[in-house]
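The exercises below are to be worked with the sequence and the model in view. Each task is followed by a solution in steps.

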Amino acid sequence: MSKSFGQSFRIDKSKGLLAIKVFSSWDFKVIKKSSVRLQRANIGTQLKELVAEVNRQELKFPVLQRLFRLFIHMLAWIMCLGSTLACVLAVYYFSEYMHGVRHILLAVPVVVSSFNLLLPGFFNAVAWMEEYDSPSVLNYVSISRNLLLKVSVLGVLCYYWLGRVCWESFVGQELYRFLLMDFIFMLLDTFFGEFLWR
């Protein structure tokens with residue numbers, strides 16, 4: 001009888017972690033409203049993670065559905081890599097063109113800041129299309145795509161800058177322009193994207 005009682009109340013590892021998280025993760029010393037909201041959101045994300053892990057272990061997708069999900073993931077990565085490549089080529093050729101024009105100094109920083117502001121939204125839309133099971137996988141994919149974009153654009157700009165004569169002063173001036181434009185775009189994004197959206 002004790003053996004069957006023990007088997008009926010057996011909890012596997014992931015569900016045990018879920019129970020531990022639900023019943024013992026709250027810090028009762030937190031009293032500030034913003035800290036309470038932050039802790040509640042953190043615990044909610046961790047619970048979503050654990051539930052997704054339990055569901056992933058319990059669900060076995062049919063072969064056709066797995067192939068369809070693989071196709072969607074490959075299509076999403078092709079779209080993201082293609083848009084990154086298009087942005088990199090656009091930055092390179094636009095900076096080559098602007099080198100001949102010379103009188104518009106902030107054009108290249110405006111284009112690069114626009115790409116850095118708009119493309120992560122496109123990446124998030126593509127990730128939404130992929131329907132990841134886990135929020136952490138979604139975060140890792142979004143971070144890797146954004147990092148790939150920014151490093152690629154920076155690499156192309158460095159390649160372009162280092163091919164110039166007297167590149168030290170030119171790169172310093174360009175970096176100052178990029179810093180200024182990036183700051184303005186972040187302010188506009190914060191005001192229009194965050195403040196007005198909420």
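**Exercise 1: The residue after a helix**

Glu-131 lies in the loop that joins α5 to α6. The model is a predicted one, in which local features need pLDDT of at least 70 and side-chain atom pairs count only at pLDDT 80 or more, while totals for chains, interfaces and linings use all residues. Residues are numbered from 1 along each chain as its sequence is written, and side-chain values use heavy atoms, with hydrogens and water left out.

Solution. 
1. Helices are DSSP runs of H or I with at least four residues, strands are runs of E with at least two, and both are numbered from the N terminus. By this count, Glu-131 follows α5.
2. Buried means under 20% relative accessible area, exposed over 50%, and partly exposed in between (1.4 Å probe, protein chains only).

**Exercise 2: Helix α5 and Asn-116**

Task: Compare the span of α5 with its expected value, and determine which residues Asn-116 touches.

Solution. 
1. The expected span of a helix is 1.5 Å times one less than its number of residues. α5, with 24 residues, reaches 35 Å from its first C-alpha to its last, close to the expected 34 Å.
2. Among the buried residues of α5 are Val-112, Asn-116, Leu-119, Pro-120 and Phe-123.
3. The cover over the buried residues of α5 includes α4 (63-101), α6 and α7.
4. Asn-116 belongs to α5. Its relative accessible area is 17%, so Asn-116 counts as buried.
5. Contact means heavy atoms within 4.5 Å. Leaving aside residues up to four places away in sequence, Asn-116 touches Leu-149 and Lys-150.

**Exercise 3: The whole chain and its record**

Task: Describe the elements of the protein chain, and give the helix content of residues 70-94 and 106-126.

Solution. 
1. The protein chain has seven helices and zero strands.
2. Of its 198 residues, 25% are buried.
3. Of the contacts with a separation of 6 or more, 71% are between residues 24 or more positions apart.
4. An unreviewed UniProt entry lists residues 70-94, 106-126, 147-163 and 175-197 under "transmembrane region". Such annotations may be inferred rather than shown by experiment.
5. Residues 70-94 are 100% helix, with end C-alpha atoms 36 Å apart. Residues 106-126 are 95% helix, and their end C-alpha atoms are 30 Å apart.
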